[in-house]
Amino acid sequence: GLFAVTYDKSIFFTTENGASQKPTNNGITNSHIRCLCSNTPGIVAGTFRGGIFYTTNNAVNWSNLNVDPSLFFVSDIVSNSSNLYAATISGLFKSSDYGVTWNNIGFNDPIFKLLIHGTDIYVPVGNAMLNNTTLFVSHNEGGNWEPLLTLNDVISDITGVGSQLYFSTINSHGVYNSSNNGLAWTQINEGFNIIPIIDCLG
């Protein structure tokens with residue numbers, strides 16, 4: 001099936017390739033949904049001001065997994081085969097038991113985007129007020145972090161396509177590309193008459 005989060009933050013679900021949609025919000029007490037993440041055996045929803053919700057029955061019912069006020073404001077959730085990672089305004093959190101318990105694995109600053117690419121985790125950590133972001137990478141599931149790049153801008157999104165990494169910015173730097181796991185980055189803004197504000201990549 002396919003899930004969709006609408007502008008008013010409702011969740012809809014279809015098993016008919018989008019031919020018909022039905023709302024699937026039962027159990028979600030905060031409708032400001034920021035992200036969805038598939039993680040066997042279920043699906044996780046992160047909300048802004050409501051914490052984390054989980055379903056194991058294709059969103060027929062959702063359960064609140066909120067156990068820590070630090071997880072009330074969730075911006076992004078990603079998963080590998082064994083762990084969930086949540087970006088929050090209080091830092092980065094990890095769960096190894098399908099979201100039942102969470103531990104901070106680094107950073108006390110707001111985090112808005114995460115990327116798992118291969119076995120690495122990429123985390124942009126910054127301060128929008130100071131217009132500054134440092135991109136970090138972990139090669140051991142968040143055990144240690146290495147800085148890759150510091151930029152006088154705010155990274156709005158980060159994604160991976162094959163062996164290539166890309167991130168976008170919201171001010172004057174546009175899009176960057178790396179072909180060596182983030183060790184070096186190159187701006188790729190050819191074709192833009194004026195470098196735009198870029199909200200997301202896909």
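Mentor: Let's begin with an open sheet of four strands, in the order E16-E17-E18-E19, where the pairing is antiparallel. Keep in mind that this is a predicted model.

Trainee: Which strands stand at the edges there?
Mentor: E16 and strand E19 (186-187). Each has a single partner strand, so one side of each is left without a neighbour in the sheet.

Trainee: And what holds paired strands together in general?
Mentor: Strands of a sheet pair through backbone hydrogen bonds, either parallel or antiparallel.

Trainee: OK, how many bridges do E16 and E17 pair over?
Mentor: Six bridges, in the antiparallel sense, with E17 covering residues 164-169. If you want a pair to click on, valine 161 has glutamine 164 in E17 as its bridge partner.

Trainee: What about the sheet with E4 in it, what's the strand order?
Mentor: The order is E4-E5-E6-E7, an open sheet of four strands with antiparallel pairing. The edge strands are E4 (33-39) and E7 (63-64), and each of them pairs on one side only.

Trainee: How do E4 and E5 pair?
Mentor: In the antiparallel sense, over six bridges, and E5 runs over residues 42-47. Cysteine 37 is a handy landmark: valine 44 in E5 stands opposite.

Trainee: Zooming out, how many helices and strands does the protein chain have?
Mentor: There are zero helices and 19 strands. The radius of gyration is 17 Å, close to the 17 Å from the globule rule for 202 residues, so the chain is as compact as a globular protein of that length. The C-alpha trace spans about 45 × 40 × 30 Å along its principal axes.

Trainee: How much of the chain is buried?
Mentor: Buried residues account for 46% of the 202. Serine 10 is one I'd look at: it sits in the loop between strand E1 (2-5) and strand E2 (11-14).

Trainee: Why does serine 10 count as buried?
Mentor: Because its relative accessible area is 16%, and the cut-off for buried is under 20%. If you need a sense of scale, serine 10 and valine 175 are 31 Å apart in space, C-alpha to C-alpha, and 165 residues apart in sequence.

Trainee: Switching topic: how many salt bridges does the count come to?
Mentor: One. Glutamate 141 and lysine 94 meet through their side chains, at 4.0 Å from N to O. The pair links distant parts of the chain, 47 residues apart: glutamate 141 is in the loop between E14 and strand E15 (146-151), while lysine 94 is in strand E10 (residues 91-95).

Trainee: Is lysine 94 buried or exposed?
Mentor: Lysine 94 counts as buried, at 17% relative accessibility. Glutamate 141 counts as partly exposed, at 33%.

Trainee: Which strand gives the most to the lining of the largest pocket?
Mentor: E13, with four residues. The strands that each supply at least two are E8 (74-79), E13 (120-127), E14 (132-138) and E16 (155-161), and E16 is also the edge strand from the sheet we began with.

Trainee: How do the residues of that lining divide into nonpolar, polar and charged?
Mentor: In the lining of the largest pocket, nine are nonpolar, six polar and five charged.

How values were computed. Residues numbered from 1 in each chain as written. Predicted model: local features only at pLDDT ≥ 70, side-chain atom pairs only at ≥ 80, totals over all residues. Heavy atoms only, no water. Nonpolar A, V, L, I, M, F, W, Y, C, P; charged D, E, K, R; others polar. Pairing = 2+ DSSP bridges. Buried < 20%, exposed > 50% of the residue type's maximum accessible area, 1.4 Å probe, protein only. Rg over C-alpha atoms; globule rule 2.2 N^0.38 Å.
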